[in-house]
Amino acid sequence: VEKWLPLVENMTWKDAAKSFSSEWAKKWKVGDDEKIAVDRLAPYKEHIRGSKKSFLSKYTPGTTTAGRKSAEKNDNNVTVLKDSTKHSKRGDAGKGRKFLAQEEFLVALVNERWHLGDPIGRIELRDELMARDDCQEGRRDQDGHSFYESYLAPSKASGLANWLKRVLKREGWSFRKNSVGQTVPDDWLEKAMDNAKRICERFRAAGVEEILNADQTFVKYYSEEDTVVAPTNIKRVGGLVKADVKKGFTAMVAVNLKTSEMEPPFVVFNGTKMKDAKYPLRTLAHKHRNWRHSGNGRTGYIAFQKKHWFDEDITIEWLDYLLNVRYPGKKVAISMDMAPCQTGARVKKYIEKMTNEGRLVVAFIDGGLTSVLQVCDLAANKEFKDTIKKLYLKYRANFLRAERAKTPNKPNKRIDMKMPIVEMMDIVEKSVKLFNVGQLETRSIEKTFISAGQHPWKDCSAEFKTHLDNLSKLPLYGGAKTVEQVLADRAMAASKAETLGPGRGEGGCVRIVLEEEEELDLETETAGEVV
């Protein structure tokens with residue numbers, strides 16, 4: 001702000017118009033001497049109030065070239081802004097951007113597809129441009145420029161990629177990896193409000209001491225890059241490092257409302273359970289059964305399953321670990337999604353047993369709502385996995401250097417990438433510790449519990465409403481009602497139910513007393529009306 005504000009506040013439309021094509025500039029009915037209104041710039045001036053830095057330019061009134069140079073030389077807090085000379089030698093300097101029609105078409109198309117819930121990709125963007133008449137081979141605009149020759153010819157693939165990137169960046173768009181999640185129900189907003197209310201009331205009534213949200217997440221064991229740097233014009237790109245990119249593990253990420261921290265990691269690796277092994281004492285499960293006590297600073301828990309999945313056995317093992325190792329003697333509340341391994345018969349039986357003993361209270365989040373209410377999804381999983389990836393890449397680089405040093409005379413020797421469980425577990429535990437260090441300042445976990453409407457002892461209504469309203473603006477959640485509309489509809493329904501009076505009314509209506517957590521679908525005998 002300090003840098004551009006002195007330029008902008010003293011710049012006239014005549015000065016600014018020089019940066020654009022004359023054809024585009026003439027579209028605007030602005031006087032040559034007009035400036036940006038003072039009130040429009042007031043918030044920015046307030047933002048930099050108290051700053052010692054000062055920027056001067058040729059637009060700063062009452063200054064000369066010599067005076068600006070002298071001020072910059074004698075005062076370290078003064079900087080003179082100069083015009084860019086990047087394009088000074090170009091023959092088309094000052095004529096503005098080319099292909100504005102194609103640019104406007106592209107931006108409109110991207111915007112339309114995003115709001116339809118069907119984001120467009122690079123290949124389809126190219127196809128759409130190829131279909132335009134003004135992008136055909138041999139077609140030129142009034143200035144003699146050919147969009148095809150500039151960006152669509154077979155040899156111009158990189159040029160098109162750069163043009164797309166520039167255009168999208170100017171309008172606030174960028175290419176992102178497409179992600180797939182649960183299907184969001186049409187009435188997600190109403191269900192989210194009901195779920196959050198049910199969870200809070202259940203935990204509050206039970207008088208729980210610790211509140212957790214938990215979510216399983218898969219982590220690739222070898223986080224290999226899909227794209228690598230290679231010499232230009234090389235047809236085959238490959239390396240001398242071999243890694244099993246399909247191998248991975250599953251971690252149960254759990255976050256605590258009170259401490260605003262992530263729980264020590266509970267990780268499931270590929271392996272045989274001790275109870276299923278012919279020789280239990282030879283299994284990895286037996287070797288790592290006391291992981292927490294096998295070294296200083298180790299806090300996690302390791303389990304094994306043949307496909308590194310959470311099954312009912314391991315889910316019960318995790319719950320038992322929480323209740324008897326992490327929080328012995330306390331009443332623990334957990335909110336989590338309805339994954340099959342968490343809702344199986346044996347898991348339900350264990351939860352019921354612990355609930356009856358006053359140790360455990362579980363509330364499940366309905367299907368399709370994890371992206372709305374799952375605290376781990378909203379505030380923990382991505383950062384956790386990104387940190388694991390960074391630490392893995394650091395370990396990988398050190399490992400490869402050490403392996404190369406063993407055979408300095410064989411630079412082309414193929415290396416099998418090794419990732420011992422001990423090393424990976426150390427990386428996972430360090431990732432959790434780094435996450436928790438960040439929480440000392442941000443406390444984003446606690447804030448996310450509040451914004452997701454799941455703090456039983458605080459009024460979260462304002463933050464929850466903001467969260468839901470922000471989601472409703474996104475295409476994935478489009479078409480939903482606002483929070484105010486849902487509340488108004490429910491108030492009207494309650495009012496109508498009370499107005500009908502007791503028993504049957506005229507026309508076969510039935511008075512329904514609306515009770516929490518109960519759905520009624522009562523049909524009358526007359527005309528099949530439903531109230």
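In which hand does helix 16 pass helix 17? In this predicted model, the crossing of helix 16 past helix 17 is right-handed. The contact involves Glu383, Phe384, Thr387, Ile388, Leu391, Tyr392 and Tyr395 on the side of helix 16, and Glu423, Ile427, Val428, Lys430, Ser431, Val432, Leu434 and Phe435 on the side of helix 17. By residue class, this contact comprises ten nonpolar, two polar and three charged residues.

Two packed helices are described by the angle between their axes and the distance between the axes. For helix 16 (residues 381-406) and helix 17 (residues 421-442), the axes come within 9 Å and cross at roughly 135°. Helix 16 is therefore oblique to helix 17, since an angle over 145 degrees would be needed for a roughly antiparallel arrangement.

Helix 16 itself consists of 26 residues and spans 38 Å between its first and last C-alpha atoms, close to the 38 Å expected at 1.5 Å a residue. The buried residues of helix 16 are Asn381, Phe384, Thr387, Ile388, Leu391, Tyr392, Tyr395, Arg396, Phe399 and Leu400. An α-helix has 3.6 residues a turn, so residues three or four places apart point the same way.

Elsewhere in the chain, Asn111 lies in helix 6 (residues 100-115). The relative accessible area of Asn111 is 34%, and this residue is therefore classed as partly exposed, the range for that class running between 20% and 50%. A separation of 9.1 Å is found between the C-alpha atoms of Asn111 and Trp173, which are 62 residues apart along the chain.

Note on methods: Residues numbered from 1 in each chain as written. Predicted model: local features only at pLDDT ≥ 70, side-chain atom pairs only at ≥ 80, totals over all residues. Heavy atoms only, no water. Axes fitted to C-alpha atoms, helices over the stretch in contact; angles between N-to-C directions. Helix = DSSP H or I, 4+ residues; strand = E, 2+ residues; numbered from the N terminus. Parallel < 35°, antiparallel > 145°, perpendicular 65-115°, else oblique. Left-handed = near helix turned anticlockwise from the far one by under 90°. Contact = heavy atoms within 4.5 Å. Nonpolar A, V, L, I, M, F, W, Y, C, P; charged D, E, K, R; others polar. Expected span 1.5 Å × (residues − 1). Buried < 20%, exposed > 50% of the residue type's maximum accessible area, 1.4 Å probe, protein only.
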